[in-house]
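The stops below go from selection to selection.

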Amino acid sequence: MSRNISNSLKKLVAKRANFKCEYCLLADRLSFYSFHIEHIRSVKHGGNDNQENLAYCCPECNFAKGSDIATFVGESDEITRFFNPRRDNWNDHFMVSNSMILGKTPIGKATEQIFRFNDIERLIFRKQLAELGLYP
Ligand SMILES: [Zn+2]
């Protein structure tokens, strides 16, 4: 949700992300839908509207994340936070294999799982983009 984020701040966040989803790397020009300005730490959990808490995000990632900030990975009882595009390097936590986005770390796996990166519709779309040289 964008709340009271100014248009200039929205533009800054989009440009900073090179107009790609900061989680699944989809380019906004390849989506039928407008991308969202997402709160990394959700408002529900005390997140603010400062640019350091905002990420450029495709609707699929944002709807899947909702107000979540963490989850359990596998059988572990430990809570693992999601990937934070302001703090973390994407390539440290994820890899792309045959258009699938795979978590390499607990943070990457937690994010892959909850953001539903590899739902079949999204995977087929990324495979088509990859064949055209448009992903990743
Ligand atoms: Zn995305």
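Which side chain meets that of Asp88 in a salt bridge? Select Arg81: the two side chains pair at 2.8 Å, N to O. A salt bridge here is a side-chain nitrogen of Lys or Arg within 4 Å of a carboxyl oxygen of Asp or Glu. Asp88 is buried at 14% relative accessibility, while Arg81 is partly exposed at 27%. Buried means under 20% relative accessible area, exposed over 50%, partly exposed in between (1.4 Å probe, protein chains only).

This is a predicted model: local features need pLDDT of at least 70, side-chain atom pairs count only at pLDDT 80 or more, and totals for chains, interfaces and linings use all residues. Residues are numbered from 1 along each chain as its sequence is written, and side-chain values use heavy atoms, leaving out hydrogens and water.

Next, select Lys65 and Glu38. Their side chains form a salt bridge at 2.2 Å, N to O. Lys65 sits in helix H2 (residues 59-65) and Glu38 in strand E1, 27 residues apart. Helices (H or I, at least four residues) and strands (E, at least two) are DSSP runs, numbered from the N terminus. Lys65 is buried at 2%, and Glu38 is buried at 1%.

Now pick Arg86 and Glu22. This salt bridge spans 2.6 Å, N to O. The partners lie in loops, 64 residues apart.

Finish in helix H5 with Arg122. Arg122 is buried yet has no salt bridge.

Note on methods: Lys, Arg positive; Asp, Glu negative; His and termini not counted.
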